[in-house]
Amino acid sequence: METVIGCGRVALSPNQIFHSSSGDRYPLHKQWATRGTLMTMPIAGLGKGGGVLDKPVIEKTTPGRESEFDLRKSRKMSPPYRVMLHNDNYNKREYVVQVLMKVIPGMTLDNAVNIMQEAHINGLSVVIICAQADAEEHCTQLRGNGLLSSIEPASGGGC
């Protein structure tokens with residue numbers, strides 16, 4: 001059994017804690033009183049319960065940076081944006097489908113083909129509706145792969 005005394009740790013048995021021997025120069029209860037120890041806690045053993053409590057994990061963030069929780073919260077609360085794909089006369093249909101599947105997470109082949117077809121026929125197609133930061137990133141990646149794209153606020157819907 002281990003008991004915390006002040007700032008240090010001393011290994012003590014239950015008998016030493018509750019019954020000091022007559023040969024002790026300073027009985028433990030007097031040492032505690034003179035040394036200003038406020039509390040001791042048995043770590044395990046006596047009676048029901050007992051055990052070691054896990055140290056709480058405190059998320060540390062660097063100054064000027066939000067925690068991961070705050071970022072997720074702000075993304076969910078930010079207004080949704082549409083990522084729009086524009087038709088162009090330069091890229092082949094197969095290439096557009098490949099880029100959509102590469103850039104947009106979870107994009108299936110069927111959805112990519114439908115988006116490409118709609119843009120080809122109507123001149124414009126909605127690729128995804130998501131938070132503004134994500135929409136800007138997707139638009140940048142689509143443009144980086146040679147596709148014409150833009151973002152606009154979505155009047156309804158969500159991520």
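I began with Asn91: leaving aside its neighbours within four places in sequence, it is in contact (heavy atoms within 4.5 Å) with Val96, Gly146 and Leu147. The model is predicted, so I kept its limits in view: local features need pLDDT of at least 70, side-chain atom pairs count only at pLDDT 80 or more, and totals for chains, interfaces and linings use all residues. Residues are numbered from 1 along each chain as its sequence is written, and side-chain values use heavy atoms, with hydrogens and water left out.

**Asn91.** I placed Asn91 in the loop between strand S3 (80-86) and H4. Helices (H or I, at least four residues) and strands (E, at least two) are DSSP runs, numbered from the N terminus. Asn91 counts as partly exposed, because its relative accessibility is 23%. The scale is this: buried is under 20% relative accessible area, exposed is over 50%, and partly exposed is in between (1.4 Å probe, protein chains only). I then checked Leu147. It sits 56 residues from Asn91 along the chain, with 7.5 Å between the C-alpha atoms.

**H4 and H5.** I looked up how helix H4 (residues 93-103) meets helix H5 (residues 109-122). They pack at about 130°, and their axes are 9 Å apart. Axes are lines fitted to C-alpha atoms, for helices over the stretch in contact, and angles run from 0 to 180 degrees between N-to-C directions. H4 and H5 are therefore oblique to each other. On that scale, under 35 degrees is roughly parallel, over 145 roughly antiparallel, 65 to 115 roughly perpendicular, and the rest oblique. From H4, the contact takes in Arg93, Val96, Val97, Leu100 and Met101; from H5, Leu109, Ala112, Val113, Ile115, Met116, Gln117 and His120. I noted the classes: 9 nonpolar, 2 polar and 1 charged. Ala, Val, Leu, Ile, Met, Phe, Trp, Tyr, Cys and Pro count as nonpolar, Asp, Glu, Lys and Arg as charged, and the others, Gly among them, as polar.

**Asp110.** This residue lies in H5. Asp110 counts as exposed, because its relative accessibility is 57%. I found Asp110 and Val97 13 residues apart in sequence and 9.2 Å apart in space, C-alpha to C-alpha.

**H4 and H6.** Next I took H4 with helix H6 (residues 132-144). Their angle is about 145°, and the axes are 10 Å apart. Val99, Leu100 and Val103 of H4 make the contact with His138, Gln141 and Leu142 of H6. I logged 4 nonpolar, 2 polar and no charged residues there.

**Cysteines.** Cys130 counts as buried, because its relative accessibility is 6%. Cys139 is buried too, at 6%. I looked for disulfides (cysteine sulfur atoms paired within 2.5 Å) and the structure holds 0.
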